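Colleague: I would like to learn how to read a structure like this one. Could you take me through it feature by feature?

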Amino acid sequence: MAKDRNYSEFSSGRNDNLYKYTKGGQFSLDGVEYIGEYHFLGNTAKTGPIPTPDARILQRLYRVQDHYIYDRNFDFDVKVLSFVEPRPYLYIPKEQAYTVGTDIRYFVEKIEDSESYAIEIDQAQYDSIGREKGIDNGIYTFASINWKLTGRRQDIIDHNETQLYRASAIVPSINYAVRNFLEFARITLV
């Protein structure tokens, strides 16, 4: 399996060979909460463990019957369904970054979620924020920091601490994602 592929429960490219069963809380069938086996055909969830001609389309869960009736009467192109969840990225600086002395690191965190935490992502995901098949900028807040890699020990610490402090105004738990100001640093000056 390729490492750089992006999988989401509702996106194409996920492993369609896995057995799927919902205990509820995910889908509705004709406006009623669905419990049972399901599969995906493209981006569409359907009843049953495998594709069959009589499989029925599952919709998002409706808690209120009036909402189901309204949505059934109007066809909506819901852009939010085209977004993906961020994938954590293990940052490892390249030699070129050490030549420059700094590198850019990227972070996201769910907005107003007390159980959320900052996630480091790669540049490709960061560049896709707010775009179709990218990360939803209405759900996630994001920040980039200029991470110092070389120089005097105290200069590196001061610079990286300042960068994290500024980014924490946007991504509050970023200090939990990066706890060592000398991470990846090469001390080159005394």
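Predicted model: local features only at pLDDT ≥ 70, side-chain atom pairs only at ≥ 80, totals over all residues.

Colleague: Which core residues have the most contacts inside the largest nonpolar core?

Modeller: They are Ile145, Trp147, Leu149, Leu164 and Ile174, in a core of 14 residues. α2, β9 and α4 (153-167) each supply at least two residues of this core. The largest share, 3 residues, comes from β9.

Colleague: How many helices and strands are there in the chain?

Modeller: The chain has 5 helices and 11 strands. It has 190 residues, and 36% of them count as buried. Its accessible surface is about 12600 Å², with 51% of that belonging to carbon and sulfur atoms.

Colleague: What share of the contacts with a separation of 6 or more is between residues 24 or more positions apart?

Modeller: That share is 57%. Phe142 gives a case to look at: Phe142 and Ile170 are 28 residues apart in sequence, with their C-alpha atoms 6.8 Å apart in space.

Colleague: Where is Phe142 found, and in which strand?

Modeller: Phe142 is in strand β9, which covers residues 140-148. Beyond the residues up to four places away in sequence, Phe142 touches Phe107, Val108, Tyr126, Ile129, Asn137, Ile170 and Val171.

Colleague: Next, strand pairing. How many bridges join β7 to β9?

Modeller: For strands, look at the direction and at which residues stand opposite each other. Strand β7 (residues 102-110) runs antiparallel to β9, and 9 bridges join them. Thr102 stands opposite Lys148 in β9. β7 also pairs with strand β8 (residues 119-121), again in the antiparallel sense, over 3 bridges. There, Val108 has Ile119 in β8 as its bridge partner.

Colleague: Where do the side chains of a regular strand point?

Modeller: In a regular strand they alternate between the two faces of the sheet.

Colleague: How many residues lie between β4 and β5 in their hairpin?

Modeller: There are 2 residues between them, and Gly42 in the turn has a positive phi of about 70°. Strand β4 (residues 36-41) and strand β5 (residues 44-47) pair in the antiparallel sense over 4 bridges. His39 stands opposite Lys46 in β5.

Colleague: What does Ile57 touch?

Modeller: Leaving out residues up to four places away in sequence, Ile57 touches Leu29, Thr44, Ala45 and Lys46. Ile57 itself lies in the loop between β5 and β6 (59-60). The C-alpha atoms of Ile57 and Asp30 are separated by 9.1 Å, and these two residues are 27 residues apart along the chain.

Colleague: Now the rings. How many aromatic pairs does a search of the whole structure find?

Modeller: The search finds 5 aromatic pairs. One of them is Tyr38 with Phe40, which is edge-to-face: 6.0 Å centre to centre, with 80° between the planes. Both Tyr38 and Phe40 are buried. Another pair is Tyr91 with Phe184, also edge-to-face, at 5.3 Å centre to centre and 80° between the planes.

Colleague: Why does the pair of Tyr91 and Phe184 tie together parts that are 93 residues apart in sequence?

Modeller: Because Tyr91 lies in the loop between α1 (65-73) and α2 (95-100), while Phe184 lies in the loop between α5 (174-177) and β11 (186-189). Tyr91 has 5% relative accessibility, so Tyr91 counts as buried. Phe184 has 28%, so Phe184 counts as partly exposed.

Colleague: Which residues do ring pairs link into a cluster?

Modeller: The cluster holds Phe27, Tyr38 and Phe40.

Colleague: Which ring does the charged end of Arg186 sit over?

Modeller: It is the ring of Tyr98, and the charged end of Arg186 is 3.6 Å from its centre. In another case, Arg105 lies over the face of Trp147, at 4.9 Å from the ring centre.

Definitions and conventions:
Residues numbered from 1 in each chain as written. Heavy atoms only, no water. Buried < 20%, exposed > 50% of the residue type's maximum accessible area, 1.4 Å probe, protein only. Contact = heavy atoms within 4.5 Å. Areas by Shrake-Rupley, 256 points an atom, 1.4 Å probe, with all protein chains shown as cover. Phe/Tyr/Trp six-rings, centres within 6.5 Å; stacked < 30°, edge-to-face > 60°. Lys NZ or Arg CZ within 6 Å of the ring centre and 35° of its normal. Pairing = 2+ DSSP bridges. Core = buried A, V, L, I, M, F, W, Y, C linked by side-chain atoms within 4.5 Å.
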